[in-house]
Structure formats: structure tokens, C-alpha cells
Amino acid sequence: MSPGDPRQTLFEEVVAANERRIKAIARSYAPPSERQDLCQEILLQMWKGLGGFKGRSTVSTWVYRVALNTAITFRRRNRHRIEPAEDLSVQATALPHAPSDPERQVLILEDFLGSLGKIDRAVFLLYLEDLSYRDISEVTGLTESHVGVRINRLKKAFVERYCGG
Amino acid sequence: MELEGFKSAWQQRRMEGYSLSPPGDGASRSVRFLRISAARDIQRSEELSRLIFSLLFGLVAVSASFVVMAPGAGRVVAWMFAAALLVDGVAGFVLLVRRLRQAATDNMIQFISREYRQVEARLRIEIYTQGVMLILAAAAVVLLVFGPGVATGRDNVFRMGIVTAFLAVAWRRGRSRSRSREISHELRNYLKDLEA
């Protein structure tokens, strides 16, 4: 394969444009010691699947789809050697008022995500990443109304738990 | 709503500093790196080691049956053992290759359903292999006790060895099956969660 190969160039562009998204998923699904391994696995799956990308969805939706599927499988395959993620140990129980410090807010969100099942975690993560219900539906395969119901339930659970109801 | 503030903090948060591209000076290097990773994945897979083990062990069983054993039932049992191992090894490897060739580009429901079907297929193969091994072990014991012809001491030792190997492989398949069952259960729970 030559460096000027169009598939290779496209791959590099897709990775560069979606690096943050890939890292966000790795951060939510793997402990710090395994994040780079998970990122590599996601890149490998993207490389394998790039030839089949028909442009029916946006590139970012396609990346979320590949990354989340890989993260769920990766986690399952490595479950017996995963240690708890250190930076998810915020212990943020119900707070009387929502904290305004952005770093603490992120830690609280990570704590909440860590407490969810893998499917709810994926849905809430996509909501936090500001995907529309339609895009979340494309990533997960759930109907848009189902996505809406889930997100409302998760938002309510979050507010009750961290924002004092 | 207060959650909007959290969402905004989430989108503006700083990410880890590591790069997703391997150290190097170009795109071709990163693609080469991915290909090496893929090859290493296959090398590390249980299915490949099972295939190699099956071929080698089967070859040893057949060769030893010619060298050590007198013609007769004992030899047939050794060949049956080799054939069962080979079928098991090849079937496992075919499942692995099929899995590796499919990229994770489907939506989550389709992807998990596909993974679930593959684990179920693996489970069926493991149940089949374990059953065949146990039946062959029983047949080997029967042949050992009631088989025609006078077996030499060496012949008997080899027959016992084959029976032990059958049981060892059946036990291994039992362990592997419980792991597959665990994965299958987990995937089924994901599907139930998605459909809830």
C-alpha cells in the first residue's frame, strides 16, 4: 500500500477528526491502564470497516457506532483483568446544590456513567456528546421515541442523585 | 436545567494527551501498525492455539498408534481421537476467522445480536465436541476391556493414554463452554436491555 492510497488518506482524516470522540468512549469504558489498548482496537475496527462505509450516516455517527461496539466487546473480553478506574472514584452522592466547578462536574458525570449498565451508559454518553435523538437511534438501533424515553429516565435519575432532586 | 451546565462541562473537558497515531512519520506507518496489531490478535487467540494443539496432538496420536500399537481396535480409537481433535480445532478457527472478517460497523442491536449468534454457535460446537469426546472415551474403555486380540503391555499403556487424553480434552471443553455460556448470558442481557 502506498502512502498516497485514498483509503489510507481517508482513514487518517477520519481519525484526526474524531480523535476526541474515540478517547471519550475509551475513557468511559476502560480503566486508565487499558485505554490506549481500547483506542487501538477501535482504530483497527475502523480500518477494517472503512471500505464498507457508504455515507448513509455521518462519519461521526459511524465512528460512534464502531467505537461503542468495540468498547462493549473489549470490555467483555478483558473483564477478568480490569481494575476499577481510579479517576471515577469521585464518591459524589446527592449534593444539595449542583457544583459549578467544571472539573468536578465532569467527575460527577463520569461517576454517574460508571454506575450505569453498558447500554444506558452508551445512550447517556451519546446524549452528553450532543448527538440528536436520530443519531443516537442510528448508533444504537433503538427507535427515536425509545431513545427519548431512556434519556429522560437517565436525566431524571441524574438530577435526583446529584442535584438534590 | 442544571444538567445543561454539566453537559457543557463534559463537552469542553480536556482529554488525555496520548496520540492515537503510533510514533512515526506518516500514514503508511500507522496502517502497518494496525495490521501488525491485527496479526497479533490472531496469534494470541485461543482458537489458533487450539488448532495448532489439535493438529500436533492428532499427529502424535496417529504416529504413536503406528509405532507403538499392534493393529486393531486400539489404533482405530487413536485415529478417532485425532479426527475429533481436528474437527474441533478447525471448527473453532473457522468461527474466529468469520468473526475477525466482520467489522463492528452495524448498529448496536445488530452487532450484539451477531455476537450472540456467534457465541451460541461456538457453544453448540463445544457441546458437540465434548459429547463426542466422552462417547469416544467410553468406546475406548470398552475396547480396552473387551477388545479382540491380545494386547501387549505397551499397547495397554497407550490405550490408557488415549482414554486419559479424551477425558482431558472433554474436561477442557467443559471449562471453555462455561466461559462461552457466561459471555452468551451477558450478551443476552444486553439484548434484553436494548429491547426493554
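The structure is a predicted model, in which local features need pLDDT of at least 70 and side-chain atom pairs count only at pLDDT 80 or more, while totals for chains, interfaces and linings use all residues. Residues are numbered from 1 along each chain as its sequence is written, and chains are lettered from A and ligands numbered from 1 in the order in which they are written.

Val147(A), Arg150(A), Phe158(A) and Tyr162(A) are the buried residues of α7(A) (buried: 20 or more other C-beta atoms within 10 Å; exposed: 12 or fewer; partly exposed: in between; C-beta atoms placed from the backbone). Viewed down the axis of α7(A), these residues fall within an arc of 75°, so they line one face of the helix; the arc is that of the directions from the axis to the C-beta atoms. The face turned away from the buried side carries exposed residues, among them Ser145(A) and Lys156(A). Just after α7(A), Gly164(A) has a positive phi of about 65°.

Gln8(A) lies in helix α1 (residues 6-29) of chain A and counts as partly exposed, with 19 C-beta neighbours inside 10 Å.

Between the chains, 35 residues of chain B are in contact with 51 residues of chain A (contact: C-beta atoms, placed from the backbone, within 7 Å). The largest share of this side of chain B, 8 residues, comes from α1(B).

Note on methods. Helix = DSSP H or I, 4+ residues; strand = E, 2+ residues; numbered from the N terminus. Contact = placed C-beta atoms within 7 Å.
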